[in-house]
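The exercises below concern a single chain. Work each one from the model before reading its solution.

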Amino acid sequence: MHSPSELSRRQKRFGRIIKERRDELGLTQLQIGDLGGPSAPTIRKIEDGDAAISTHTLNKLDAPLRWLPGSAARTYAGGTPTADEPGQVARHTGESVVAGPDSIRFEIADLTGLLATAGRLNDAVERGKATDPQLVAAIEELNRVVSKLSARYATTMLERNGGPGRALHPLVEMAFAHLLEVPAEVSDATELQERRYRRWLAGRSEDVDAATEAQFRARWLAANLATTASRNGGH
């Protein structure tokens, strides 16, 4: 059994390695969660060396950090991780590394189903029928995931229906009104940029400078080119 001081040193070392790898890959704490890893608050605690980390959490770190399976657990135990380089083959006899997709498509019905489920769970919390702290925390985490998916759907809808030279249909603007409000300052720069991009797509570009305008326009054009190719049967 590790002494408290030894455990603290191990956690600090592990947190430093995680942060260095995340910085190396150019990922935010929020993006780690988006790629299937632990949530941003959990990553923050890990990097600060304040988290008691479960095996489940360790296993979830490998994929977003592009490490071979088991690397995070080995590193937490005092070892070193192994990067999952493109085209890298298994190094040990019998070892199998399965590469999964970076993203998948999902049906809108799946999103609306998640929204409905989250709504029922939140109602249960508000009525005092769900008071267990772990359950409430799990519902809050579900809300964050659903909010991310909803925001991504809104961005795609606005890319297809808004942008320079397009008058956004009132129904579209009404549907995503809560995602088009003036963005409050948030700690995550990526999230703030996404909020500004959605406002730009809706013709609300008063807070966008020339450099950001050019970046948003290039992103919007790329999204529309991809949509056109898809409709025409391109890949």
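Ile 53 touches Phe 14, Ile 46, Leu 58 and Tyr 76, where residues up to four places away in sequence are not counted and a contact means heavy atoms within 4.5 Å. The model is predicted: local features need pLDDT of at least 70, side-chain atom pairs count only at pLDDT 80 or more, and totals for chains, interfaces and linings use all residues. Residues are numbered from 1 along each chain as its sequence is written, and side-chain values use heavy atoms, with hydrogens and water left out.

**Exercise 1. Find the largest nonpolar core and state which elements give two or more residues to it.**

Step 1. A nonpolar core is a set of buried Ala, Val, Leu, Ile, Met, Phe, Trp, Tyr and Cys residues joined through side-chain atoms within 4.5 Å. Buried means under 20% relative accessible area, exposed means over 50%, and partly exposed lies in between (1.4 Å probe, protein chains only).

Step 2. The largest such core has 16 residues, and Ile 53 is among those with the most contacts inside it, together with Phe 14, Ile 18, Ile 46, Leu 58 and Leu 61.

Step 3. Two or more residues each come from α1 (4-25), α3 (40-48), α4 (55-62) and α5 (71-76). Helices (H or I, at least four residues) and strands (E, at least two) are DSSP runs, numbered from the N terminus. The largest contribution, four residues, is that of α1.

**Exercise 2. Which residue has a positive phi although it is not a glycine, and where does it lie?**

Step 1. The residue is Arg 66, with a phi of about 55°.

Step 2. Arg 66 sits in the loop between α4 and α5 and is partly exposed, at a relative accessible area of 47%.

**Exercise 3. Characterise the packing of α6 against α7.**

Step 1. Two packed helices are described by the angle between their axes and by the distance between the axes. Axes are lines fitted to C-alpha atoms, for helices over the stretch in contact, and angles run from 0 to 180 degrees between N-to-C directions.

Step 2. For α6 (residues 108-126) and α7 (residues 133-161) the angle is about 145° and the axes are 10 Å apart.

Step 3. The residues that meet include Leu 111, Leu 115 and Ala 118 from α6, and Leu 142, Val 146 and Tyr 153 from α7.
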